[in-house]
Amino acid sequence: MFTFSLTDICAVLARGRADATANGGFRIPYQGISPEAEARAGLWLVGDEGVYVLSNGKLAEGQRPLVIYAEECDPKTNPDYWHYKRRYFGGDDGVEFIDAVELEMLVAAQPDATHLRIVMDDTSLSIGLVRR
């Protein structure tokens with residue numbers, strides 16, 4: 001399970017839209033998976049050195065994305081992040097796309113929620129909201 005503050009998630013989505021407006025649209029995680037015409041606003045859930053989200057808005061040359069780590073899998077705050085990432089995301093690096101419109105509809109339906117939870121297993125990814 002990976003938990004993110006909804007305040008942080010909304011900031012990443014807003015930054016992604018601003019980056020896309022300023023720099024010509026949205027990126028896709030891997031060339032060849034889908035045509036540029038299908039690139040749309042969203043988050044990438046990334047398993048790499050920890051687990052984090054960032055937007056897919058195109059960036060200017062040298063610009064760095066806004067990156068938010070999962071509470072459970074941040075290398076700066078959890079010395080066991082590598083084991084946690086391996087257990088719940090898998091040993092390989094990877095990227096999963098989360099559509100912004102669908103995520104925003106989920107958030108609008110639960111206005112008292114404070115955190116986004118993402119649960120992964122071998123065959124699925126589920127997203128839910130919780131209030132803390």
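Four strands form an open sheet in the order E4-E3-E2-E5, with antiparallel pairing. Its edge strands, E4 (68-69) and E5 (94-99), each pair on one side only. This is a predicted model: local features need pLDDT of at least 70, side-chain atom pairs count only at pLDDT 80 or more, and totals for chains, interfaces and linings use all residues. Residues are numbered from 1 along each chain as its sequence is written, and side-chain values use heavy atoms, leaving out hydrogens and water.

**Sheet and helices**
- Strand E3 (residues 50-55) pairs with E4 in the antiparallel sense over 2 bridges; pairing requires at least two DSSP bridges between the strands.
- Tyrosine 52 has tyrosine 69, in E4, as its bridge partner.
- Helix H1 (residues 6-23) packs on the sheet and touches strand E2 (42-48), E3 and E4; contact means heavy atoms within 4.5 Å.
- The direction of H1 makes about 45° with that of E3; axes are lines fitted to C-alpha atoms, for helices over the stretch in contact, with angles from 0 to 180 degrees between N-to-C directions.
- Helix H3 (residues 100-109) also packs on the sheet, touching E2 and E5, at about 60° to the direction of E5.

**Whole chain**
- The protein chain has 3 helices and 7 strands; these are DSSP runs numbered from the N terminus, helices (H or I) of at least four residues and strands (E) of at least two.
- Along the sequence, the pattern is β-α-β-β-β-α-β-α-β-β.
- The C-alpha atoms fill a box of roughly 40 × 35 × 30 Å along the principal axes.
- Of the 132 residues, 39% count as buried, meaning under 20% relative accessible area (1.4 Å probe, protein chains only).

Conventions:
Buried < 20%, exposed > 50% of the residue type's maximum accessible area, 1.4 Å probe, protein only.
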